[in-house]
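Colleague: Hi, could you walk me through this one? I'd like to hear about the interface and the ligand.

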Amino acid sequence: MGEAPLSKIIVMTSGKGGVGKTTSSAAFATGLALRGFKTVVIDFDVGLRNLDLVMGCERRVVFDFINVINGEAKLSQALIKDKRIDNLYVLPTSQTRDKDALTAAGVERVLNELAKDFDYILCDSPAGIERGALMALYFADHAIIVTNPEVSSVRDSDRILGVLASRSRRAEQGLEPVTQQLLLTRYDPERVERGEMLKVDDVLEILAIPLLGVIPESQAVLRASNVGMPVILDESSNAGQAYTDAVGRFLGEDIEHRFMAPQKKGLFSRFLRRSA
Amino acid sequence: MSIFSFFRSAPRPSAVQAKERLQIVMAHERAGRAGPDYLPMLQQELLAVIAKYIDIDQNKVEVKLDRGSDCSTLELNIELPAREQLKSAMAAVRKPETKAGGDGLKAGAPLASSEDKKRH
Ligand SMILES: Nc1ncnc2c1ncn2[C@@H]1O[C@H](COP(=O)(O)OP(=O)(O)OP(=O)(O)O)[C@@H](O)[C@H]1O
Ligand SMILES: [Mg+2]
């Protein structure tokens with residue numbers, strides 16, 4: 001469905017840990033599949049497998065990415081088809097091996113095989129700038145930089161931008177650079193308004209890359225991961241809607257940003273907060 | 001809220017401080033990596049020359065390459081010891097960037113970073 005995408009391989013990366021890469025990978029892959037694109041999301045966090053839990057397919061993992069790299073299983077045996085959404089597949093990683101199992105040649109072979117069949121390949125990067133993170137970003141056409149409005153996350157994102165510019169395949173081979181967009185997650189408009197949290201504009205000014213979306217801090221994220229459902233499927237939640245918007249923008253649609261201002265409070269809840 | 005708090009000047013919001021701190025630290029870090037690979041060597045050699053004449057603290061030296069649309073600047077910022085009266089000395093080499101992007105030092109060293117080369 002749709003036109004053949006220009007950016008096939010997308011990496012969700014951040015440098016810093018725990019900022020929402022896996023949450024965003026699950027949401028984004030689901031969103032792309034909902035829009036009719038055949039999508040696979042790959043867990044590159046070897047040894048700390050979690051994407052399976054967030055996607056709700058943890059009990060169906062038999063073979064994994066590393067098995068396929070090592071030739072111990074066929075790709076078709078390791079791919080898990082999502083039960084809810086057509087066109088959506090998960091390639092889980094190994095829980096027992098370490099990141100050295102990710103060889104560039106092995107990763108490339110698997111990605112090439114997937115590219116024949118899928119519209120989008122989404123790579124959920126581990127934290128850090130070591131082997132796992134490097135392998136997740138190396139073959140990328142497009143990078144989504146997941147950042148929290150917080151000093152260390154912003155600095156680490158900048159570091160990752162530097163790595164993309166120098167150590168990705170596109171950089172090494174002198175091709176068109178990896179395209180980049182910012183996904184600002186865990187944004188709390190009320191704390192921003194109180195001057196306690198960096199504004200979207202501050203982060204944009206510092207990192208100087210286009211904004212893909214702002215995902216508000218939301219209790220729906222934990223609820224969704226509790227039950228193994230990508231939060232984008234919680235259509236009533238702000239976070240779910242913000243991810244849907246971001247997917248639309250990724251596909252080139254002009255969608256206004258939402259959830260960046262504090263929600264208007266009624267008199268009653270304002271009174272409650274005062275006295276709390 | 002006490003009435004006196006109206007007279008106290010509002011403290012600077014912590015987010016403002018966060019932004020300023022980030023801008024400063026990242027300017028340093030970017031200069032270190034985004035610059036061409038010869039920048040660290042250039043810095044060392046310049047230092048060696050200056051150290052022959054003046055007693056300088058290696059940590060108080062900054063070599064920065066800034067690219068504007070029509071002008072690139074190589075900035076050398078050295079903090080001299082207090083007894084020298086001068087707090088810092090600045091030397092800047094400026095040269096308008098040519099259309100082809102072939103900006104360079106007067107000595108003829110290519111100033112184009114590897115990133116720039118790829119664009120041509
Ligand atoms: N928008 C949000 N609102 C509230 N909580 C969030 C939000 N996004 C992520 N979280 C929570 O933050 C935690 C870390 O998220 P996640 O696992 O997606 O991060 P990660 O970047 O993949 O971490 P790692 O670097 O360890 O792989 C989780 O507990 C998740 O529920
Ligand atoms: Mg993760």
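This is a predicted model: local features need pLDDT of at least 70, side-chain atom pairs count only at pLDDT 80 or more; totals for chains, interfaces and linings use all residues.

Colleague: Great. How many residues of chain A are in contact with chain B?

Modeller: 16 residues of chain A, and they meet 13 residues of chain B (contact means heavy atoms within 4.5 Å).

Colleague: And what area is buried between them?

Modeller: About 1400 Å², with carbon and sulfur atoms giving 56%; that is the accessible area (1.4 Å probe) lost on putting the two parts together, summed over both. In chain A, Arg155(A), Asp158(A) and Ile206(A) lose the most area to chain B, together 39% of what that side buries.

Colleague: How many salt bridges between chain A and chain B?

Modeller: Two, counting a side-chain nitrogen of Lys or Arg within 4 Å of a carboxyl oxygen of Asp or Glu. In one salt bridge, Lys19(B) pairs with Glu205(A) at 2.8 Å, N to O.

Colleague: Which element gives the largest share of chain A's side?

Modeller: That's α7(A), with six residues (helices are DSSP runs of H or I, at least four residues, and strands are runs of E, at least two, numbered from the N terminus).

Colleague: Switching to ligand 1, which residues come nearest?

Modeller: Gly18(A), Lys21(A), Thr22(A), Thr23(A) and Ser218(A), out of 15 residues around ligand 1 (a heavy atom within 4 Å).

Colleague: What does the backbone of Ser218(A) do there?

Modeller: A polar backbone atom of Ser218(A) is 2.9 Å from a nitrogen atom of ligand 1. On the oxygen side, a backbone N or O atom of Gly18(A) sits 2.9 Å from a ligand 1 oxygen, and one of Val19(A) sits 3.2 Å from a ligand 1 oxygen.

Colleague: Last one: what does Glu217(A) pair with?

Modeller: Arg186(A), in a salt bridge with the closest N and O atoms 2.9 Å apart. Glu217(A) is in the loop between β8 (211-216) and α11 (219-226) of chain A and Arg186(A) is in strand β7 (residues 179-187) of chain A, so the pair ties together parts 31 residues apart in sequence.

Technical notes. Residues are numbered from 1 along each chain as its sequence is written. Chains are lettered from A and ligands numbered from 1 in the order in which they are written. Side-chain values use heavy atoms; hydrogens and water are left out. A polar contact is a pair of N or O atoms within 3.5 Å; within protein, one must be able to donate a hydrogen and the other to accept it, and residues adjacent in sequence count only if both atoms are side-chain atoms.
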